[in-house]
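The remarks are meant to be read with the sequence and the coordinates open.

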Amino acid sequence: MSAGPLVGYSSSGSEDEDEAEAEIEAATEGLTRPGAGHCSRGQSPDPSQRFPVPDSVLNMFPSTEERPEDDSAKHGGRVRTFPHERGNWATHVYLPYEAREEFLELLDLLLPHAQTYVPRLVRMEAFHLSLSQSVVLRHHWILPFVQALKDRMASFQRFFFTANRVKIYTNQEKTRTFVGLEVTSGHAECLDLVSEVDRVMEEFDLTTFYPDPSFHISLAWCVGDARPQLEGQCLQELQEILDEFEDSEMLLRVLTEQVRCKSGNKFFSLPLK
């Protein structure tokens, strides 16, 4: 079975806009040598005639040239899909899925079996259905972006979807592999939501969602392209485990009551009617 592309998850947290450069300019403005090169009022003095900025002043502010350490080893080997920049907030729009005890019991059957083929697979920390790719927002765009989403979502009715087909996915760069549950009913409603999310993305000149998406809930992931090991026999066995699980049909029928937007470490809930 061929794998559909998955939203590019990012491990980025949030950072406020760094104002160090402006503060340094304010702290050092007008520090010229007394009596050197009399300048007419309003005329900028020759830069060569300024006192050098004391180290004690420079050390008060972090350099805006410094970049946060981006060590993939600290994020389970994950590689960013875009570079970390100060003031950039990784942003993602999705449908949340609150895992019940029965769902976790099902996962406790599926994951160990998949790990017999790929031992490095690990469980997702949270579960959701993506409605956007992971995009970058500047800090001052976040609230206007969320408001635009809220306006678009206001007329949407709540709906049910079912995700009960096991499928293997990779991200676009094929640096990560995911075991997911593909949506088998409710696909049209998810497409309608994506259409509205895409319009907001276009308003902010951001990347829209994948064409012909395979909507799904990811269960587990690993670094690298593990499709050769997981597709075929393993995939068939995982589907059999799911089909034989008691009440799996009702368990995997999900009522969608809200759309959620995550930007950095901030979460915004967009209720449906």
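1. Basis of the note. This is a predicted model, in which local features need pLDDT of at least 70 and side-chain atom pairs count only at pLDDT 80 or more, while totals for chains, interfaces and linings use all residues. Residues are numbered from 1 along each chain as its sequence is written, and side-chain values use heavy atoms, with hydrogens and water left out.

2. The chain as a whole. The chain holds eight helices and eleven strands, where helices (H or I, at least four residues) and strands (E, at least two) are DSSP runs numbered from the N terminus. Of its 273 residues, 42% are buried; buried means under 20% relative accessible area, exposed over 50%, and partly exposed in between, with a 1.4 Å probe and protein chains only. The accessible surface comes to about 14900 Å², and carbon and sulfur atoms account for 48% of it; such areas come from the Shrake-Rupley method with a 1.4 Å probe, and for residues only the protein chains shown count as cover. Among contacts (heavy atoms within 4.5 Å) between residues at least 6 apart in sequence, 81% join residues at least 24 apart.

3. The pair α4 and α5. Helix α4 (residues 142-153) packs with helix α5 (residues 187-203) at an angle of about 145 degrees, the axes being 10 Å apart; axes are lines fitted to C-alpha atoms, for helices over the stretch in contact, and angles run from 0 to 180 degrees between N-to-C directions. The crossing is right-handed, a crossing being right-handed if the near helix is turned clockwise from the far one by less than a right angle, and left-handed if anticlockwise. On the α4 side, F145, A148, L149, R152 and M153 take part, and they meet residues of α5 that include L193, V197, V200 and M201. By class, this contact has eight nonpolar, no polar and four charged residues, with Ala, Val, Leu, Ile, Met, Phe, Trp, Tyr, Cys and Pro counted as nonpolar, Asp, Glu, Lys and Arg as charged, and the others, Gly among them, as polar.

4. Helix α5 itself. The 17 residues of α5 should span 24 Å at 1.5 Å a residue, and its end C-alpha atoms are 25 Å apart, which agrees; the expected span is 1.5 Å times one less than the number of residues. Its buried residues are C190, L193, V194, E196, V197, D198, V200 and M201, and their cover includes β2 (88-97), β4 (127-130), β5 (135-138), α4, β6 and β10 (258-263). After α5 comes D205, whose phi is positive, near 55 degrees.

5. Helix α7. Which residues of α7 are buried? They are C234, L235, E237, L238, Q239 and L242, and they pack against α3 (101-115), β6 (159-171), β7 (176-185), α6 (227-230) and α8 (248-251).

6. Y117, in the loop between α3 and β3 (122-123), counts as partly exposed because its relative accessibility is 28%. Leaving aside neighbours within four places in sequence, Y117 is in contact with Q229, L230, Q233, C234 and E237.

7. E182. This residue lies in strand β7 and counts as buried because its relative accessible area is 11%. Beyond its neighbours within four places in sequence, E182 has contacts that include R165, K167, Y169 and H216.

8. Backbone angles to check. Most residues other than glycine have a negative phi. K174, in the loop between β6 and β7, has a positive phi near 60 degrees and is partly exposed at 41% relative accessibility. D247, in the loop between α7 and α8, also has a positive phi near 60 degrees, and D247 counts as exposed at 56%.
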